[in-house]
Amino acid sequence: MTDKNDKFETRAIAKGRMSEEHFGAVNTPVYRASTILYPDVAAIKANTQPYTYGRRGTPSTKSFEDAISSLEGAAKTVSVTSGVQAIGLAILSVCSAGDHILMVDSCYEPTRTLCDRTLRRFGIQTSYYAPTDDIAPHLKPNTKAVFCESPGSLTFEVQDIPAIVKTAHAHNNGKGASVLMDNTWATPLYFQPLKHGVDLSIQAATKYIGGHADVMLGYVAANERHAARLHQLHGDLGLYASGDDCFLGLRGLRTLSIRLARHQETALTLARWLQARPEVARILYPPLEADPGHVLWKRDFSGACGLFGLVLKPVSEDAVAAFVNGLRHFGIGYSWGGFESLIVPAHIKRTAKPFVAEGPVLRIHAGLEDAGDLIADLEQGLARLKEAS
Ligand SMILES: Cc1ncc(COP(=O)(O)O)c(C=O)c1O
């Protein structure tokens, strides 16, 4: 049992449990089901069964979605098969042909591709704003959605979400544009979009909520005003997340707070160590006081994850490769949020305002390994970089 005063950590343990319906099992077991049987014709007519057909939900999806709704403060959460699917669903639930979406320039690149290639084909127009811009001059009479991703997952600019919400909601004489936010970096543990006025909170649960690099999962959590449309479109498009994946999402949720605290601690240790190195121009990580987004991050967020950027001083591509290729504890891969450390060169695409970097940019995910081992590995890598320069 929880009450409204319980903290996130407590609710992440308690919510979405239905032990009494499952022979006492603590977490809701995996349900794999398409057909759901009705006891008789009267039950079909009454239409009061909690489950009607596998695609429309099972106890596994309900447990996951109920837990998320509590943590996000949402009226409705729908689960889908990936973060990108959640992004597309959220946008389509507010935009129609002829509408305009104002997209942050620092968004995850597939979000940009979705807008510029596919949504354009369906008559939805996109333009881009720099993450720290005042959005007012960018709004158009047909702007229906303002999309945020804060911090951006390659360049880590922090956005002033309350200010964006205020301007977007006042647009068109108060008719307003909806605010959508990809909150994968902070997770609902460290930032709750809906409590800051965002209308649709998007999460690639593939990352920290799954937490073990072994599941693809996403969700959209909606406030009261956006819940019905979101639910309806989720059904119309036949979207769904499997019982297995929701089970893994729910299991990850139970340990999210301790994992994130450790990711954050290790990331801070690595970031501070790297910041003092002569090969490094700067670190992109809002918890560092020198970061341009630090003040906003401190005002709005209660923590940080393990993902940050590293800007090297000018150096050849071969030297960067010598640094990255020989690392023992950092996998080379595009994802993040799992238990393992990762590193990847960042290819930054901008169309509203260039991102100016002194040298090559790399993205690091600090995993759950020993921080001293990770530093020793990076130190040897920087020695290789120097040798190859
Ligand atoms: C910020 C951000 N949002 C969304 C996604 C998409 O998530 P998924 O891979 O589950 O589609 C990613 C994936 O890397 C991401 O980094």
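1. The model is predicted, with local features requiring pLDDT of at least 70 and side-chain atom pairs pLDDT 80 or more, whereas totals for chains, interfaces and linings use all residues. Numbering starts from 1 along each chain as its sequence is written, and side-chain values rest on heavy atoms, with hydrogens and water left out.

2. Helix α10 (residues 256-275) packs with helix α13 (residues 371-388) at an angle of about 30°, their axes lying 10 Å apart; helices here are DSSP runs of H or I with at least four residues, and strands are runs of E with at least two. Axes are lines fitted to C-alpha atoms over the stretch in contact, with angles from 0 to 180 degrees between N-to-C directions. The pair α10 and α13 is therefore roughly parallel (angles under 35 degrees).

3. In the contact (heavy atoms within 4.5 Å), α10 contributes Thr266, Thr269, Leu270, Trp273 and Leu274, while α13 contributes Ala371, Leu374, Ile375, Leu378, Glu379 and Leu382.

4. Around the ligand there are 14 residues, of which Gly83, Val84, Asp182, Thr206 and Lys207 come nearest (a heavy atom within 4 Å).

5. The peptide bond joining Ser150 and Pro151 is cis, with omega about -10°, and Pro151 belongs to the loop between β4 (143-149) and α6 (161-170). Thr187, a residue other than glycine, has a positive phi near 60° and is found in helix α7 (residues 187-190).

Note on methods
Angles under 35 degrees count as roughly parallel, over 145 as roughly antiparallel, 65 to 115 as roughly perpendicular and the rest as oblique.
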